[in-house]
Amino acid sequence: MKNTIGKMLAIMACAAMFQPATATAAPLPRPAAFAMCASCHQTAKNGRSGLGPNLWGIGGRVSGTMSGFNYSPALKKAAIRWDRNSLIAFSSNPRAKVPGTRMPYAGQKDPKKAAAIADYLMSLK
């Protein structure tokens with residue numbers, strides 16, 4: 001019995017040594033379609049908000065909740081948990097997704113470009 005337990009512990013120790021390290025993937029390259037967004041939004045870790053909130057870490061965040069930015073009451077009330085689909089919908093037509101938003105952008109009408117923007121934003125973590 002002792003021998004079996006010793007072998008099991010040795011196997012578990014070896015297995016632990018060969019576990020891959022958890023790595024954070026680098027953000028995707030910024031798509032050209034994001035240029036209009038970048039005029040108001042930063043995307044740097046610990047970056048400041050400007051006319052719009054810093055978008056680093058937006059994936060999984062609830063709309064209107066990042067501290068230090070004065071969101072519209074409509075965006076706060078919307079309580080959208082940002083994921084790929086909600087980012088595509090919002091970037092395609094912000095005023096339709098959140099009536100009353102202060103964001104002056106009319107929206108990205110090309111679905112492929114809107115998806116590229118959403119994929120980029122989701123990679124910022």
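From the N terminus on, the elements of the protein chain run α-α-α-α-α-α. That comes to six helices and zero strands. Helices here are DSSP runs of H or I with at least four residues, strands are runs of E with at least two, and both are numbered from the N terminus.

A word on the source. This is a predicted model, where local features need pLDDT of at least 70, side-chain atom pairs count only at pLDDT 80 or more, and totals for chains, interfaces and linings use all residues. Residues are numbered from 1 along each chain as its sequence is written, and side-chain values use heavy atoms, with hydrogens and water left out.

Now the chain as a whole. Of its 125 residues, 34% count as buried. Buried means under 20% relative accessible area, exposed means over 50%, and partly exposed lies in between, with a 1.4 Å probe and protein chains only.

Next, the loop between α2 (35-38) and α3 (73-78). S72 is found there. Is S72 buried or exposed? Buried, with a relative accessible area of 4%. Which residues does S72 touch, not counting those up to four places away in sequence? G100, T101 and R102. Contact means heavy atoms within 4.5 Å.

C40 is also found in the loop between α2 and α3. C40 counts as partly exposed, at 27% relative accessibility. Leaving aside neighbours within four places in sequence, C40 is in contact with G50, L51 and G52. C40 and N54 are 14 residues apart in sequence, and their C-alpha atoms are 8.8 Å apart in space.
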